[in-house]
Amino acid sequence: MAHIQVTVWNEYRHERHNEVVAGIYPEGIHNAIASYLKTEDTFEVKTAVLDDPDQGLSDETLANTDVLIWWGHIAHQEVRDDIVEKVRSRVLDGMGLIVLHSGHASKIFERLLGTKTGALKWRDDGEKERIWVIEPGHPIAEGLGEYIEIPKEEMYGERFEIPAPDELVFISWFEGGEVFRSGCCYRRGQGRIFYFRPGHETFPVYHQPEVLKVISNAVRWAAPTQAPNVTYGRVDPIEKIGK
């Protein structure tokens with residue numbers, strides 16, 4: 001079986017400037033996720049951050065990425081527009097994209113979905129979150145129970161300004177009463193996109209096995225699949241009708 005080439009991209013700002021976040025993720029959120037994925041034999045994992053050359057997303061890196069995982073928060077606007085267009089093009093050509101937590105407001109997510117994806121309710125009070133699995137037969141939910149419980153998290157609440165997902169795998173409930181579409185699948189061009197809600201930087205969410213299991217499942221789901229070649233533009237008839 002061919003390896004799935006995964007790039008875990010993180011803006012990597014909170015971990016370097018916030019002592020609380022640094023204490024939870026001393027090697028960065030990207031390395032917390034990558035360390036788990038590296039335990040899977042089918043993944044070939046690398047990391048990239050915003051302050052790398054080419055913002056970590058060079059042509060070579062993108063060409064050698066089957067699935068890109070994206071975490072961003074305070075530096076969305078620093079991501080260059082030409083980089084966003086390169087990532088978008090790769091997704092349309094078949095690269096998978098997994099957008100995590102506050103990546104909902106990233107340029108690339110907004111560009112691919114075509115709405116103001118940064119619009120939602122939020123409250124950073126460390127409430128309990130229960131993520132309900134509403135499509136238990138979906139590959140991204142494989143190996144999970146009926147729900148994932150996160151002891152302390154940032155609340156995101158509806159209305160979430162996204163197009164209706166092609167498939168909705170998870171819905172979150174919070175102690176304050178809000179609900180949220182927290183596991184959303186899309187297809188754009190030949191590429192698959194998955195948005196997964198949990199992951200606020202001041203809580204150890206990416207150390208929780210069930211959360212990491214979802215990300216691992218999502219990588220496999222979003223990986224490119226073998227597809228027939230498609231021809232665009234004017235073509236001659238495949239065969240004459242009535243011949």
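User: How do the residues lining the largest pocket divide into nonpolar, polar and charged?

Analyst: Sorting a lining by class tells you what kinds of side chains face the space. Here, in this predicted model, the lining of the largest pocket splits into 6 nonpolar, 8 polar and 5 charged residues.

User: And what is the volume of the largest pocket, and which residues lie nearest its centre?

Analyst: Its volume is about 350 Å³. Of the 19 residues that line the largest pocket, G94, Q190, P224, T225 and A227 lie nearest its centre.

User: How much space lies in the second largest pocket, and which strands each supply at least two residues of its lining?

Analyst: The second largest pocket holds about 160 Å³ of space. Strands β5 (121–133) and β6 each give at least two residues to its lining. Among the lining residues are H73, H76, H104 and H200, along with D124, E154 and Y156. By class, that lining has 4 nonpolar, 6 polar and 2 charged residues.

User: Why does Y147 count as partly exposed?

Analyst: Look at the relative accessible area: under 20% is buried, over 50% is exposed, and partly exposed is in between. Y147 comes out at 35%, so it is partly exposed. A patch residue needs over 30%, and Y147 has 35%.

How values were computed: Residues numbered from 1 in each chain as written. Predicted model: local features only at pLDDT ≥ 70, side-chain atom pairs only at ≥ 80, totals over all residues. Heavy atoms only, no water. Buried < 20%, exposed > 50% of the residue type's maximum accessible area, 1.4 Å probe, protein only. 1 Å grid on protein atoms, 1.4 Å probe; cavity = no way out; pocket = protein on both sides within 12 Å on 5 of 7 lines; lining within 4 Å. Points joined across faces, edges and corners; volume = space filled by probe spheres on them. Nonpolar A, V, L, I, M, F, W, Y, C, P; charged D, E, K, R; others polar. Helix = DSSP H or I, 4+ residues; strand = E, 2+ residues; numbered from the N terminus.
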